[in-house]
Protein chains: 2
Amino acid sequence: MTDHSLRSFLDACAQRIETALERCLPSERVPPARLHQAMRYAVLDGGKRVRPTLAYATATAIGLAPEQVNGIACAVEMIHGYSLIHDDLPAMDNDDLRRGRPTCHKAFDEATAILAGDALMTQAFLVLCRDEGLPGGPQARLAMLDDLAWASGSRGMAGGQMMDLEAEGREIDLTSLENIHIHKTGALIRASVRMVCRARPDLSPDRAERLDHYAKCLGLAFQIRDDILDIEAPTAILGKTHGKDLAQDKATYPALMGLEAARQAAADLVNEALDSLTPWDGKADPLRWIAGYIAQRNH
Amino acid sequence: MTDHSLRSFLDACAQRIETALERCLPSERVPPARLHQAMRYAVLDGGKRVRPTLAYATATAIGLAPEQVNGIACAVEMIHGYSLIHDDLPAMDNDDLRRGRPTCHKAFDEATAILAGDALMTQAFLVLCRDEGLPGGPQARLAMLDDLAWASGSRGMAGGQMMDLEAEGREIDLTSLENIHIHKTGALIRASVRMVCRARPDLSPDRAERLDHYAKCLGLAFQIRDDILDIEAPTAILGKTHGKDLAQDKATYPALMGLEAARQAAADLVNEALDSLTPWDGKADPLRWIAGYIAQRNH
């Protein structure tokens, strides 16, 4: 991997998802304008776009053009965006800063933020129902909708956030921490890859399983790096409040296993993710770049 | 219509939806238990079940067995349940009482209530993806998912709640009030009928349009009755705080047009709903009973 190829791939994905999101979010001129402003504020022009980038890279690996999975990329990013809005609310993590800007309920108000989150979630399902470019046929699309609903719901992302809240201020072990992350962030990251695989119903089960394993390892590695960065990176680079986990007495990998061991665990998971891509030629390079990026990312 | 046939129809629907919801909500024994408890608390054992009852009655009218549309009935009731949880939050309508019991955030806490609402929404989509009894094929199911997403989102229910919040304490005219209700409650009520029509792709466009018009009139009539009841019925019968609209200086039909004119408007809409059922024989009687029930309901 060269830094240049990674950079240009990430840039292309960022551009593509921005245009696609811009197109499938309701205009600010459509009433209720304030709600649509809040939805757009929370989703456009920001974020690392990890999930869409994974969707695009998976498309490339299985022989689809990235544009063909725009609907999936938008859907997972909207679900991610809604979850950030709700997680930041005073009753939840009570965060004022997100991506270097005021959180949605700070920029607007709490009621608008709750509704913007709700509406983003339904918009994700709507886009997935309507996007015309998605290959695979109606059965594949139904499977994608099922994946998205499962990954976002009480036994996926929302369940993970609940577990996270319940664990606050309590001593939990590594298994419980991993269980939180598998649900809170892992489920949607896995869905970003799995939904793209649905668009190729002829994909061999072995390949589909390997990509799923890649996503599983990557999701956990991403979370461990997140915990490490919360300790290491200053607020300006992070775009959210630095040291927040520590201040809230949240269980993190570095806290439970030590900083060095956490670094090693992340590196091991990234290697496992890379291993599962062995059968692929250069088509899986974008997936390999993402793994490398997550191993090294500093924000 | 006899009171007896209406009563036994409503009872049968109430029983059927309770069993169906019980089956498609995650068990309280599945972690995160508290989240699943909150979801079940908010949805089971309560409510008028207007939307499921409409779905079942529509099924009967178009020659389907009510059980065949259990998935639709559950989905719309879960979306309704989620919207009540979020609408009751302190940042929104700040209500302590719902269906004669503490609201979800009072019985649990705000964070749990927000997540329970979120998870109910995704569960609605999941049920609609997975329910095995739904007729019509994958294309019909995709159309139902599209209906549900559209009706719940920023140009449907969530948008209506936003408009309602924005109108609070401001003078609005009858057109604006109607616009709020068309979105806030009307969209999901219409979807409850429309989604069932999707299950019969061979239904004539004229019949489908007539049922849609029925639902549109009924939804508005229901809301006007709701406004009237907020003034007339004591809290004990209503199951929610009496006189709330008045206390919050909310625009209502009786406030804008007078109590008698509001009563007349509701009656006219119910008659218009009944008129659109003219081509049907006795199969549409349950739909006729519901219209009569809404015209006369006292809670």
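Which residues of α8(A) are buried? In the predicted model discussed here, they are A:Met157, A:Ala158, A:Gly159, A:Gly160, A:Gln161, A:Met162, A:Met163, A:Asp164 and A:Leu165. A residue is buried if 20 or more other C-beta atoms lie within 10 Å of its own, exposed if 12 or fewer, and partly exposed in between, with C-beta atoms placed from the backbone.

## Basis of the report

Residues are numbered from 1 along each chain as its sequence is written, and chains are lettered from A and ligands numbered from 1 in the order in which they are written. This is a predicted model, in which local features need pLDDT of at least 70 and side-chain atom pairs count only at pLDDT 80 or more, while totals for chains, interfaces and linings use all residues. Helices (H or I, at least four residues) and strands (E, at least two) are DSSP runs, numbered from the N terminus.

## The enclosed helix α8 of chain A

Nine of the 11 residues of α8(A) are buried, so this helix is largely enclosed by the rest of the structure. The cover over its buried residues includes α4 (70-88), α7 and α9 (174-198) of chain A, and also α2 (33-43) and α6 (110-130) of chain B. Just after α8(A), A:Gly169 adopts a positive phi of about 75°.

## Contact between the two chains

Chain A and chain B each give 42 residues to the contact. Two residues are in contact if their C-beta atoms, placed from the backbone, lie within 7 Å. On the side of chain A that touches chain B, the elements giving two or more residues are α2 (33-43), α6 (110-130), α7 (137-152) and α8 (157-167) of chain A. The largest share of this side, 13 residues, comes from α6(A). By class, the side of chain A that touches chain B has 24 nonpolar, 10 polar and eight charged residues. Here Ala, Val, Leu, Ile, Met, Phe, Trp, Tyr, Cys and Pro count as nonpolar, Asp, Glu, Lys and Arg as charged, and the others, Gly among them, as polar.

The same surface serves both copies, as 100% of the contact residues of chain A recur in chain B.

## Helix packing

In chain A, α6(A) and α7(A) pack at an angle of about 165°, and their axes are 10 Å apart. Axes are lines fitted to C-alpha atoms, for helices over the stretch in contact, and angles run from 0 to 180 degrees between N-to-C directions. The two helices α6(A) and α7(A) are therefore roughly antiparallel to each other (angles under 35 degrees count as roughly parallel, over 145 as roughly antiparallel, 65 to 115 as roughly perpendicular and the rest as oblique). From α6(A), the residues making the contact are A:Ala124, A:Phe125 and A:Leu128, and from α7(A) they are A:Met144, A:Leu145 and A:Leu148. By class, this contact of α6(A) with α7(A) has six nonpolar, no polar and no charged residues.

In chain B, helix α14 (residues 259-275) and helix α15 (residues 285-296) pack at an angle of about 180°, with axes 10 Å apart. That makes α14(B) roughly antiparallel to α15(B). The contact is made by B:Ala266, B:Ala267, B:Val270, B:Ala273 and B:Leu274 of α14(B) with B:Arg288, B:Ala291, B:Ile294 and B:Ala295 of α15(B). By class, the contact of α14(B) with α15(B) has eight nonpolar, no polar and one charged residues.

## Individual residues

B:Gly219 lies in helix α10 (residues 205-232) of chain B and is buried, with 27 other C-beta atoms within 10 Å. Leaving aside neighbours within four places in sequence, B:Gly219 is in contact with B:Thr185, B:Gly186, B:Ile189 and B:Arg190.

The peptide bond from A:Pro31 to A:Pro32 is cis, with omega near 0°, and A:Pro32 sits in the loop between α1 (3-24) and α2 of chain A. A:Arg49, in the loop between α2 and α3 (50-61) of chain A, has a phi near 60°, a positive value in a residue other than glycine. With 22 C-beta neighbours inside 10 Å, A:Arg49 counts as buried.
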